[in-house]
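Here are some friendly notes to read alongside the structure. Please keep it open and follow the points in order.

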Amino acid sequence: MSEQDDSAWIVTLPCTRADAERLTDADPFGEDEGVAPVLTFVEETEDDPESWLLQAYFDGKPPRAMLARIRALIPGAPAPKAEKVETQDWVAMSQDGMPPISAGRFHVRNSAADPRADGQIDFLIPASRAFGTGQHETTHGCLLMLDSLRAAGHRFGNIADIGTGTGLLAFAALALWPRAHAIASDIDPEAVVVTRDNIALNGLSEGNRPGEIALAAAAGTDHPAINARAPYDLIIANILAGPLIALAPAFAAHLEEGGSLILAGLLDEQADAVLAACRRAGLRLAGRTVRGRWPTLHLRKRRRSGYRRAERLTAGGDSETPGFGSW
């Protein structure tokens, strides 16, 4: 009998962004836990947001039947490519080695070996099990939007970061408004663990007092701690277009009159649909920036807009955002 193969394998298959969104929260392998892979999705080329790769990671050589099932996930796809690789933390591997980024007054390092930048607000966000290290255009755009709001004299005292990923945007907001209350949430409990680690790594504090960050694992705004802290004067959500549309009434319900909402994670061609949902919820566009094909929207809640009951969402549907966070 041959020795068991305890190496790691990666199976790669081209797909579209629509495929990635469709399969992100799916469970295509059912009860086959012994051989089922871990699926991730990444952009194939930076300048083509519709071309993605499905990457399936196996402990051991994948069975032929499983390769056929992976191929069936993407109708019309070619045969998947299987390679033996060294065991790695796959999300960390995809982000490791990235150079520091600067966005307005923020400087974000993914490695402790990278030098700090004089005169900038420094964060260390290692490549990890969650997305949101600052490298993607959407996270970069949110950092710039926060910086521009602070430069314009906006003041916020109650902040929510919905779909926090690594916690970076919550950290940035609290750095700009250090006396604010802040809560960071994510649908993925692992992202909450990562955010907690990053709070300690950056010398911040977890808690419920001003200047501290409370944490919650939640689908959208569906959590007692999030509801209890409402209304907010600033909500940040860097997620997918579909959840942004679905959550527009909940965002409006949780914002105070005149409060600000920063939205990202959508493509330029999806902005009209997102804005239409926001207008129906009593929000108006106050500012917009675009990096490549990725806009960042700043909306305000219209004054005297009636209260809308928060919408209860489940953990199903298009929730995770490969490369830059989940909601």
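1. Let us begin with Ile159. Setting aside neighbours within four places in sequence, Ile159 is in contact with Ala173, Trp177, Ala180, His181, Ala182, Ile183, Tyr232, Asp233, Leu234 and Ile236; contact means heavy atoms within 4.5 Å. Please bear in mind that this is a predicted model, in which local features need pLDDT of at least 70 and side-chain atom pairs count only at pLDDT 80 or more, while totals for chains, interfaces and linings use all residues. Residues are numbered from 1 along each chain as its sequence is written, and side-chain values use heavy atoms, with hydrogens and water left out.

2. Where does Ile159 sit among the members of the largest nonpolar core? Ile159, Leu143, Leu146 and Trp177 are the ones that touch the most other members, out of 33 residues. A nonpolar core here is a set of buried Ala, Val, Leu, Ile, Met, Phe, Trp, Tyr and Cys residues joined through side-chain atoms within 4.5 Å. Buried means under 20% relative accessible area, exposed over 50%, and partly exposed in between, with a 1.4 Å probe and protein chains only. The element that gives the most to this core is helix α5 (residues 168-176), with eight residues. There is also a second, separate core of 31 residues, with Ala216, Ala218, Val274 and Leu297 among them. In soluble globular proteins, nonpolar side chains tend to be buried together.

3. Next comes Asn158, which lies in strand β8 (residues 158-162). Helices (H or I, at least four residues) and strands (E, at least two) are DSSP runs numbered from the N terminus. Asn158 counts as buried because its relative accessibility is 13%. A polar atom of its side chain lies 2.8 Å from the backbone oxygen of Arg229. Apart from neighbours within four places in sequence, the contacts of Asn158 are Ala180, His181, Arg229, Pro231, Tyr232, Asp233 and Leu234.

4. Strand β8 belongs to an open sheet of seven strands, ordered β10-β9-β8-β11-β12-β14-β13 with mixed pairing. Two strands pair if DSSP finds at least two bridges between them. At the edges are β10 (213-217) and β13 (283-291), each pairing on one side only. From one strand to the next, the twist averages 15°. Helix α6 (residues 189-201) packs on this sheet, where it touches β9 (181-186) and β10, and its direction makes about 165° with that of β10. For such angles, axes are lines fitted to C-alpha atoms, for helices over the stretch in contact, and values run from 0 to 180 degrees between N-to-C directions.

5. How do β13 and β14 pair, parallel or antiparallel? Strand β14 (residues 294-301) and β13 are antiparallel, with eight bridges between them. Val290 has Pro295 in β14 as its bridge partner.

6. A further open sheet has three strands in the order β5-β6-β7, again with mixed pairing. β5 (101-103) and β7 are the edge strands with a single partner strand each, so one side of each has no neighbour in the sheet. β5 and β6 run antiparallel and are joined by three bridges, and Ser102 has His107 in β6 as its bridge partner. The two strands form a hairpin with two residues between them, and Gly104 in the turn has a positive phi of about 60°. β6 and β7, by contrast, run parallel and are joined by four bridges; Arg109 stands opposite Leu124 in β7.

7. Helix α5 lies across β6 and β7 and runs at about 155° to β7.

8. Finally, look at the rings: the whole structure holds three aromatic pairs. Rings of Phe, Tyr and Trp (its six-membered ring) pair if their centres lie within 6.5 Å; planes under 30 degrees apart count as stacked, over 60 as edge-to-face and the rest as tilted. The pair of Phe106 and Phe123 is stacked because the ring centres are 6.2 Å apart and the planes are at 25°. Phe123 and Phe171 form a tilted pair, 6.1 Å centre to centre with 45° between the planes. Phe123 lies in strand β7 and Phe171 in helix α5, so this pair ties together parts that are 48 residues apart in sequence. Phe106, Phe123 and Phe171 form one aromatic cluster.

Terms used
A polar contact is a pair of N or O atoms within 3.5 Å; within protein, one must be able to donate a hydrogen and the other to accept it, and residues adjacent in sequence count only if both atoms are side-chain atoms.
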